[in-house]
Amino acid sequence: MSIQAEVHAATGDFSIHAAFDAPTGSCTAIVGPNGAGKTTLVHALAGLIPLRQGRIVLAGQVVDDPAQGIQTPPDRRPIALHSQHNLLFPHLSVVDNVAFGPRCAGLAARPARQRAEEWLSRVGLADLAELRPAQLSGGQAQRVGLARAAACEPNVLLLDESLASLDAETRTDVRHLLADIEATRVLITHDPVETRVLADQLLVMEKGEIVQTGTPEEVAADPRTPWTAGLLDINLLTGTAAGTEVALEGGLTLTTATPMTGPVLVTFSPAAVTLSTVEPHTSARNTWEAEVARIQPESDRVRVLLGAPVPCQAWVTPQAVGELGLRAGSRCWAALKATELTVREA
Amino acid sequence: MTGRATPKEPNRRPPIAVLVAAIIAVAVLALPLVGLLQRTPWSTLGTRLGETATLEALRVSVVVSLLAAAVSMVLGLPLAWVLARLTFRGRALVRAVVLLPMVLPPVVGGIALFFALGRKGLVGRALQNWFGIDTLIGTTAGAVIAAAFVSMPFFVITAEAGLRQLDTRLESAASTLGAGRWTVLRRITLPLLAPSLAAGATLSWARALGEFGATITFAGNHPGRTRTLPLAIAQANEAGQPEAAIAMSVLLIGVSLLILIGLRHRWIAPRTTQQKNSSEASPS
Amino acid sequence: MNRLGLGVLAGVLAWLVTGCGGEGKTAVTVYAAASLSEAFEDLAAEYEAANPDADVKLNFAGSARLAAQISAGARADVFASANGANMSRVVAEGRTASLPVLFARNRLALVVPADNPGNVTELEDLSDDSLVLAMCAPEVPCGALARAVLADAGVTANPDTEETSVRAVLTKVTLGEADAGLVYATDLAAGGNKVATVPLGPQIRVNDYPVVAVSDRAVAADFVDFILGPDGQRILWSHGFDFP
């Protein structure tokens, strides 16, 4: 385990109570509405906020244990934090910002700079090395901030909305970068795709507490709160695009409205899927026969989880379940309009 | 980042009354200087300024004011940090006491220094016993203490204001990247504070350069040791040698103006970089 | 603001605006050397007592500064200087309405703090460099006198501080910060019991104080006459001045 955390902490009159573990090299995504205490939790891990009770062990090092009087300052923890405000040092050039962590870790000026340049090129900003932070756009500053934290090459990398202000294209690149980093990562995000693609484990926080834990798929299949459902109610498939045809990993080929080439992510809302008992003849470009994996009634609708060949969810009304005779193990036809699909580079 | 939509171009023509008042204010401040320059014996100025006594006073002035500014920085920065960062009972009182020398008549300051550091002062006996310092009268050390007494508040308030403006999140960010306290201080806090420190140091240096009352009262008037330009000017004036006094005044004004002009840029130009950086990328 | 507040404010304003009284009286403005301060305050009080219509306004400063102010056109009626040089300058510039007359003499005095920490017993002791010695600067009358006296006695003294006013010398001795100071005999009273005097023996060197009527107003000449008259001389003598 790289992270064993039991956190009882407070800022002002807001307090959080959260416990979770994360294996070495894993990625934990923290999601939750604004004001849920996500940043507070991450700041507690970083040592910016003292614990009232509990215990934090990072990479085998007990960094917080108020009962034993242990409270390690941020610089002596095996972490690096990228804050959502970036907080680049305005008096240092971009490359010196990124080299800051390596220098603090004891690297000499030259190797530190080399490492900084490597990370800058990994976030695609090698040519901005000599600029000042004030000369960067919001997205560039965010990538520099991320590179600065990553260049510390810490055991535990804490990322507070590190992709929030990136455009779609850069976002994909940075997401790949984050996926490749060896560190144990803890990531605050609002993005369902990011969550699904990056996270091995998902923590849902609301009002200072962790309300649900699990793999993204587990949580998406059974969201415990409306907010979680709202965030995760999205079907995500991976495949390979050739023009407007996407060959899914499950064997099916989907037609999309956006021509692309290479590996892609396809997303669509559960509301976009229509179900019928016989093969439909509609304008929808994509139809397939599927097996019902599970039926899960919710307050005013029913969530139908489809199994092979395309694992995805569909919403139907309670009446439709009866009319179609849907139950676990039964078969039905699914239809999906090409225009309902969002395709992006994987 | 807010948009750049200024509602309406403001009226460019300033109100007449404001202009008139501003012109009067400049006149009040500048007219005495003009008067002084107009009475300056320019033809003999070079000779007068070249006199040994004048050069000596200039040297003492520079040495004393630089040392005083250095003392102000070394002692004033920790004080400014305490005032800006720590919350404790009586902080307002401490700040008031620290700033008091700015409003105190310098002569009173000089007498007060006697009561503190003089032979019969609060710690004067200790100075004598521990350091063998019998008197500070007629010593450069005494002149430096007097000048630091009146000039340190200028450094402290400037540095404190700078520290308060400083975004402490930058210091936290540095610590989460592995920087210890001293590294944060050396590589983040001090560099970011540099403009304020430079402004404070320059202000306190300028104040020390013009210091008269506390110096002559506490450290006396000794050529080559405590006789700074202001003391030499007063002495020449008292001795009925206005030309010599004017010549040295012109010298002092020249040096002070150079300092203040050098100061202006740092004083007025804010750190735009930091503001931009910290206000962007707020989460949606 | 309530009525009481207004009343107080009005009172304060009235006090600020009216300032010192003296309306309807004949003002006579006297510029006098700093060393004459106490003596001239007594003189003025007695003169006003004898002439109820008169209002004496006193301005004390170093003689050189006063002379410079009069040269620059200051409206003085009477000028009393602590030495001849500054007087000569004013007279030479044609600023005066009469010729200067000597009205008092001042002797030098050697003062030490009451407990005499430097153990100073005679003028010769001042050559000891470990002594903290305060003197007037050579450019001011008391400094010139002190140097002349030291030279006569063949004593080489290095003052630790050269003050521009004799009272600053006295202050440093009074506070015990200087071991010895050379001041005027007339300053001794101001030192009170905090200072002791070291006898200097008979002195030939003295400072001569001339006075002159600057303006041609009758009251100016009258005040000069009062200084030179028996009452004026008695007051000056009581403050330690010698007769001219």
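Predicted model: local features only at pLDDT ≥ 70, side-chain atom pairs only at ≥ 80, totals over all residues.
**Reading a three-chain model**

Trainee: For chain B, what share of the contacts with a separation of 6 or more comes from residues 24 or more positions apart?

Mentor: A contact means that two C-beta atoms, placed from the backbone, lie within 7 Å. In chain B, 78% of the contacts with a separation of 6 or more join residues 24 or more positions apart. For chain C the figure is 77%.

Trainee: How many helices and strands does chain B have?

Mentor: Both are DSSP runs, numbered from the N terminus: helices are H or I with at least four residues, strands are E with at least two. Chain B has 13 helices and zero strands. Its pattern along the sequence is α-α-α-α-α-α-α-α-α-α-α-α-α. Chain C has nine helices and ten strands. The C-alpha trace of chain C spans about 65 × 55 × 35 Å along its principal axes.

Trainee: What percentage of chain B counts as buried?

Mentor: Count the other C-beta atoms within 10 Å of a residue's own, with C-beta atoms placed from the backbone: 20 or more is buried, 12 or fewer exposed, in between partly exposed. Of the 284 residues of chain B, 41% are buried. In chain C, buried residues make up 45% of 244.

Trainee: Take C:Pro199. Why does it count as exposed?

Mentor: C:Pro199 counts as exposed because it has 10 C-beta neighbours inside 10 Å. It sits in the loop between strand S9 (195-198) and strand S10 (207-213) of chain C. C:Leu123 is 76 residues away in sequence, yet the C-alpha to C-alpha distance is 8.6 Å.

Trainee: Which residues touch the most other members of the largest nonpolar core?

Mentor: A nonpolar core joins buried Ala, Val, Leu, Ile, Met, Phe, Trp, Tyr and Cys residues through C-beta atoms within 7 Å. The largest core holds 215 residues, and A:Val98, B:Met248, C:Val78 and C:Phe79 touch the most other members. Helix H7 (residues 140-165) of chain B gives the most to this core, with 15 residues. Another core lies apart from it, with 26 residues, among them A:Ala241 and A:Leu341. Back to C:Val78: leaving aside neighbours within four places in sequence, its contacts include C:Val28, C:Tyr31, C:Val211 and C:Phe223.

Trainee: How many residues of chain B are in contact with chain A?

Mentor: 25 residues of chain B contact 33 residues of chain A. H8 (168-176), H9 (181-210) and H13 (272-279) of chain B are the elements that give two or more residues to the chain B side. H8(B) supplies the largest share, seven residues. For classes, Ala, Val, Leu, Ile, Met, Phe, Trp, Tyr, Cys and Pro are nonpolar, Asp, Glu, Lys and Arg charged, and the others, Gly among them, polar. This side has ten nonpolar, eleven polar and four charged residues.

Trainee: And what about chain B against chain C?

Mentor: Here 17 residues of chain B contact 22 of chain C. Helix H11 (residues 229-238) of chain B gives the most to the chain B side, with four residues. That side divides into five nonpolar, nine polar and three charged residues.

Trainee: What domains does chain C have?

Mentor: Bounds come from an automatic or database domain assignment. Chain C has domain 1 (11-105 + 207-238) and domain 2 (108-198). Their C-alpha centres are 28 Å apart. Nine residues of domain 1 of chain C contact twelve of domain 2 of chain C. The domain 1 side has three nonpolar, five polar and one charged residues. Chain A has domain 1 (3-232) and domain 2 (240-345), with C-alpha centres 34 Å apart. Four residues of domain 1 of chain A contact five of domain 2 of chain A.

Trainee: Last one: what is the strand order in the open sheet of chain A?

Mentor: Strands pair if DSSP finds at least two bridges between them. The order of the five strands is S14-S18-S15-S16-S17, with antiparallel pairing. S14 (274-276) and S17 (312-316) of chain A are the edge strands, each pairing on one side only. S15 (residues 286-297) and S16 (residues 302-306) of chain A pair over five bridges. A:Arg294 stands opposite A:Leu305 in S16(A).

Technical notes
Residues numbered from 1 in each chain as written. Chains lettered and ligands numbered in written order.
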